[in-house]
Amino acid sequence: MDLRGHGESDHPTDPSAYTPDKMGQDILAVADASEIEQFALWGMSYGGKVGRYLAVHSERIASLILMGTPLGPGVSGARRQQALDFLAHWSPILHAQRTGALELDALAPEDRDTLDRLHIPPMLGWVRAMLDWPSIEPEHFRCPTLWLIGSEDQHAMESLREYRSVLHRSRVNVHIVQGLDHDQVFDEIDQVLPAMLAFAQRTAKGAAQ
């Protein structure tokens, strides 16, 4: 499914449209329309951030796979500063665009390219919303969870180092894929799919017993 603010789904711009509760209700609405009561959820990066909130609040999530998704707050550390910088950079540009004062020729080439490729207005909404998303800790998960991380994904690995000492008290299992960065964990699917399938088979077997 395309999460709100992405792909062919609606693109609201108000940050209040991107609360974890509303994002989770979208996922449940798709499950309802598909007549599925319980299901496994797999989220990559931002999708994992959304999925983890639903997994800790809904009994309908049978298992969860997080790929390249840190635990803790919605956004923290260096990524939080990057989010603040993104908002500070693009907010005045979009304001100028809305008021007719934007001169495209005055923008840097990379900014013009970004405007062409991405839906910046909804991005401002969900990026701003993430700054206020509450923290998710390992012990919060109610279902078996696979935390899949590339060894070169610095942000996710930093989160793993922060939480490693408490993972044994949670339902979170870690699988590190050596040599892959954040994007490669998704792109090099042949290297990560076996671990995902093995986890899915274990959790399905456990649920059946």
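This is a predicted model: local features need pLDDT of at least 70, side-chain atom pairs count only at pLDDT 80 or more; totals for chains, interfaces and linings use all residues.
Residues are numbered from 1 along each chain as its sequence is written, and side-chain values use heavy atoms, with hydrogens and water left out.

**The helix**

- Helix α1 covers residues 20–33, which is 14 residues; helices here are DSSP runs of H or I with at least four residues, strands are runs of E with at least two, and both are numbered from the N terminus.
- From first C-alpha to last, α1 reaches 20 Å, close to the 20 Å expected at 1.5 Å a residue (the expected span is 1.5 Å times one less than the number of residues).

**Its buried side**

- Pro20, Met23, Gly24, Ile27, Leu28 and Ala31 of α1 are buried (under 20% relative accessible area; exposed is over 50%, partly exposed in between, with a 1.4 Å probe and protein chains only).
- These residues sit on the same side of α1 because they cover an arc of only 140° around the axis (the arc of the directions from the helix axis to the C-beta atoms).
- An α-helix has 3.6 residues a turn, so residues three or four places apart point the same way.

**The loop residues**

- Most residues other than glycine have a negative phi.
- Glu35 lies in the loop between α1 and β1, and it counts as exposed because its relative accessibility is 75%.
- Ser45 isn't a glycine either, yet its phi is positive, about 60°.
- Ser45 is in the loop between β1 and α2, and at 23% relative accessibility it counts as partly exposed.
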